[in-house]
Amino acid sequence: MSGTGGKLRVSALQLHIDAGEPELNFGRVQARLQEAAAAADKPDVIVLPEMWNTGYALDRIGELADEEGARTRGMLSAFSRGAGVHVVGGSIAEKRAQEVYNAAYAYNREGELAGQYEKIHLFRLMDEEKHLAAGSRLGLFPLEGADAAMMICYDIRFPELARSLALAGAKALFVPAEWPKPRLHHWRSLLIARAIENQMYVIACNRTGMSGSTEFFGHSMIIDPWGEVIAEAGEEETILSADIDLSLVDEVRSRIPVFEDRRPQLYRL
């Protein structure tokens, strides 16, 4: 682990996304990033939702995806450097050679790429596996002297992944998502469970609005290491903000020593 971390203000940009309209989406994201950075209580970390550049226009994803992520990388790097904030850039459709990935980037205050992650678990109910390539690395990155991590939407149904990130040192887990109705109970329960069982912060940014016949409910959440929801959005576009203290993770882990009491030699995965 790189350090203990400290107090940070985080803001999740809960947005509508227009499927198949990268220009509209880039404009909306840039406007909301500027709005968040201009807040009187300026955030230290800004988080975006999943696949915000294209939405789930999977039938045209090869032509819509950002080539090598170049446009998105340039925009996020310039913004984070100019605003002096960390950005967990949600995820985008990124094209590499003949494959498209659901890729997430984290940038530090200097505009440097701090971490990258490609969605490991592809969601068959939305035909992701037919159009996207699966990632093969963990999404760890440094954040203000501590370790943090990213996973994307469907990934939260896999506790092994969250536990692997926690064991690697992550104190905060950022979750960009496009999680649709009607599974609000699953969304809330899984996120809270990931926070409780791994004794870490979970910051989840979901989209909102309609995409074709699918409705998305928002409910972005910021959850502390005890599993307490310290901020939760409704269903409208909004900027959800809260203060977190990464040093609380150490306190919680010392009071209930889950990681010390593990017996992995008996577990069968």
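Angles between axes under 35 degrees count as roughly parallel, over 145 as roughly antiparallel, 65 to 115 as roughly perpendicular, and the rest as oblique. The axes themselves are lines fitted to C-alpha atoms, for helices over the stretch in contact, with angles running from 0 to 180 degrees between N-to-C directions. Helices (H or I, at least four residues) and strands (E, at least two) are DSSP runs, numbered from the N terminus.

The model is predicted, and local features need pLDDT of at least 70, side-chain atom pairs count only at pLDDT 80 or more, and totals for chains, interfaces and linings use all residues. Residues are numbered from 1 along each chain as its sequence is written, and side-chain values use heavy atoms, with hydrogens and water left out.

Two packed helices are described by the angle between their axes and the distance between the axes. Helix H5, residues 159-167, and helix H6, residues 184-198, have axes that come within 10 Å and cross at roughly 40°. H5 and H6 are therefore oblique to each other. On the H5 side, Pro 159, Ala 162, Arg 163 and Ala 166 meet Arg 194, Glu 197 and Asn 198 of H6, where contact means heavy atoms within 4.5 Å. By class, this contact of H5 with H6 has 3 nonpolar, 1 polar and 3 charged residues; Ala, Val, Leu, Ile, Met, Phe, Trp, Tyr, Cys and Pro count as nonpolar, Asp, Glu, Lys and Arg as charged, and the others, Gly among them, as polar.

The cysteines come next. A disulfide is a covalent bond between the sulfur atoms of two cysteines, identified here as a pair of cysteine sulfur atoms within 2.5 Å. The structure holds 0 disulfides. For Cys 153, the closest cysteine sulfur is that of Cys 205, 11 Å away and therefore too far for a bond. Cys 153 is buried at a relative accessible area of 7%, and Cys 205 is buried at 0%; buried means under 20% relative accessible area, exposed over 50%, and partly exposed in between, with a 1.4 Å probe and protein chains only.

Ser 11 lies in strand S1, residues 7-14. With a relative accessibility of 2%, Ser 11 counts as buried. Apart from neighbours within four places in sequence, the contacts of Ser 11 include Val 45, Ile 46, Val 47 and Leu 240.

Ala 39, by contrast, is placed in the loop between helix H1 (22-37) and strand S2 (45-47), and its relative accessibility of 34% makes it partly exposed. Ala 39 and Arg 157 are 118 residues apart in sequence and 34 Å apart in space, C-alpha to C-alpha.
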